Amino acid sequence: MSRWGCAMVSFAGLSRPKELLGEMRLEQVYTRPERLRSGTGRTLQHWAGRLAAKRAVLRLLDVAETAEYLGQAEVLPRPTPMCSRSAVCLHGHPPGVRLSGALADAAGDRGRIRISISHTAACALAVALVSARLPEDDHLDGV
């Protein structure tokens, strides 16, 4: 496993999330909660940012960028200790990643994977790295 991974996804000139994926299906790459979160009212940059984060995680773990593995890295906002975990929370939430299947096995118990996502008008960039567990991780386990 690498110490960090990064990825950039360009969405300039694209209009639909499907166009970000080539031959892969949306349902394979994005989990149902991700599709709901990025759906109605969100711009293409949200889809691209989430995809960049997934790719960064796969590069961190040194695994192939397949639809199966992309779908096992779920990227959603992560509530903070200030949040009551309600859908109407007014605080911004940093992105978090939850691994399942073979990706969870590949990560093992090496620490928590942290991600950061940034956007421009035409591309999204994400970085993934492994960090030691922090005190707030105990409060947010399972998120």
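Glutamate 27 is partly exposed in this structure, with a relative accessible area of 48%. The model is a predicted one, and within it the side chain of glutamate 27 meets that of arginine 25 in a salt bridge, with a distance of 3.8 Å from N to O. Arginine 25 likewise counts as partly exposed, its relative accessible area being 48%. This pair belongs to a set of five salt bridges that a search of the whole structure finds.

Another of these bridges joins glutamate 65 to arginine 55, whose closest N and O atoms are 3.6 Å apart. Because glutamate 65 lies in the loop between α3 (44-60) and α4 (67-71), whereas arginine 55 is part of helix α3, the pair ties together parts of the chain that are 10 residues apart in sequence. The two partners fall into separate classes of accessibility: glutamate 65 is partly exposed, at 32%, while arginine 55, with a relative accessibility of 18%, counts as buried, since the limit for that class is under 20%.

A salt bridge is also found between the side chains of arginine 98 and glutamate 74, where the distance from N to O is 3.8 Å. Here distant parts of the chain are linked, for arginine 98 sits in strand β3 (residues 95-99) and glutamate 74 in strand β2 (residues 73-77), 24 residues apart. Arginine 98 is partly exposed, with 40% relative accessibility, whereas glutamate 74 is buried, with a relative accessible area of 13%. Elsewhere, salt bridges with shared partners join Arg55, Arg59 and Glu65 into one network.

The chain as a whole contains six helices and five strands, and, read from the N terminus, these elements follow one another in the order β-α-α-α-α-β-β-α-β-β-α. The chain has 143 residues, of which 40% count as buried. When contacts between residues at least 6 apart in sequence are considered, 60% of them join residues that are at least 24 apart.

Strands of a sheet pair through backbone hydrogen bonds, in either a parallel or an antiparallel manner. In this chain, an open sheet of three strands is arranged in the order β1-β5-β4, and the pairing is antiparallel. Since β1 (4-10) and β4 (112-119) stand at the edges and each has a single partner strand, one side of each is left without a neighbour in the sheet. On average, and with direction ignored, neighbouring strands of this sheet are turned by 15 degrees against each other. The antiparallel pairing of β1 with strand β5 (residues 123-131) extends over seven bridges, and within these two strands glycine 5 stands opposite alanine 128 in β5. Helix α3 packs on the sheet, where it touches β1, β4 and β5, and its direction makes about 150 degrees with that of β1.

The largest nonpolar core comprises 32 residues, and among these Leu20 and Ile113 touch the most other members. At least two residues of the core come from each of β1, α1 (26-29), α3, α4, β2, α5 (101-107), β4 and β5. The largest share is contributed by α3, which supplies 10 residues. If residues up to four places away in sequence are not counted, isoleucine 113 touches Val57, Leu60, Leu61, Val97, Leu99, Ala107, Ala128, Leu129 and Val130. Among the residues in this list is Ala128, the residue that glycine 5 stands opposite in the sheet.

Aspartate 62, which is found in the loop between α3 and α4, has a phi angle near 55 degrees, a positive value in a residue other than glycine. With a relative accessibility of 52%, aspartate 62 counts as exposed, because the limit for that class is over 50%. Threonine 120, in turn, lies in the loop between β4 and β5 and is partly exposed, with a relative accessible area of 43%. Although threonine 120 and serine 10 are 110 residues apart along the chain, their C-alpha atoms are separated by 9.4 Å. Apart from its neighbours within four places in sequence, threonine 120 is in contact with Phe11 and Gln45.

Note on methods:
Residues are numbered from 1 along each chain as its sequence is written. This is a predicted model: local features need pLDDT of at least 70, side-chain atom pairs count only at pLDDT 80 or more; totals for chains, interfaces and linings use all residues. Side-chain values use heavy atoms; hydrogens and water are left out. Helices (H or I, at least four residues) and strands (E, at least two) are DSSP runs, numbered from the N terminus. Buried means under 20% relative accessible area, exposed over 50%, partly exposed in between (1.4 Å probe, protein chains only). Contact means heavy atoms within 4.5 Å. A salt bridge is a side-chain nitrogen of Lys or Arg within 4 Å of a carboxyl oxygen of Asp or Glu. Two strands pair if DSSP finds at least two bridges between them. Axes are lines fitted to C-alpha atoms, for helices over the stretch in contact, and angles run from 0 to 180 degrees between N-to-C directions. A nonpolar core is a set of buried Ala, Val, Leu, Ile, Met, Phe, Trp, Tyr and Cys residues joined through side-chain atoms within 4.5 Å.
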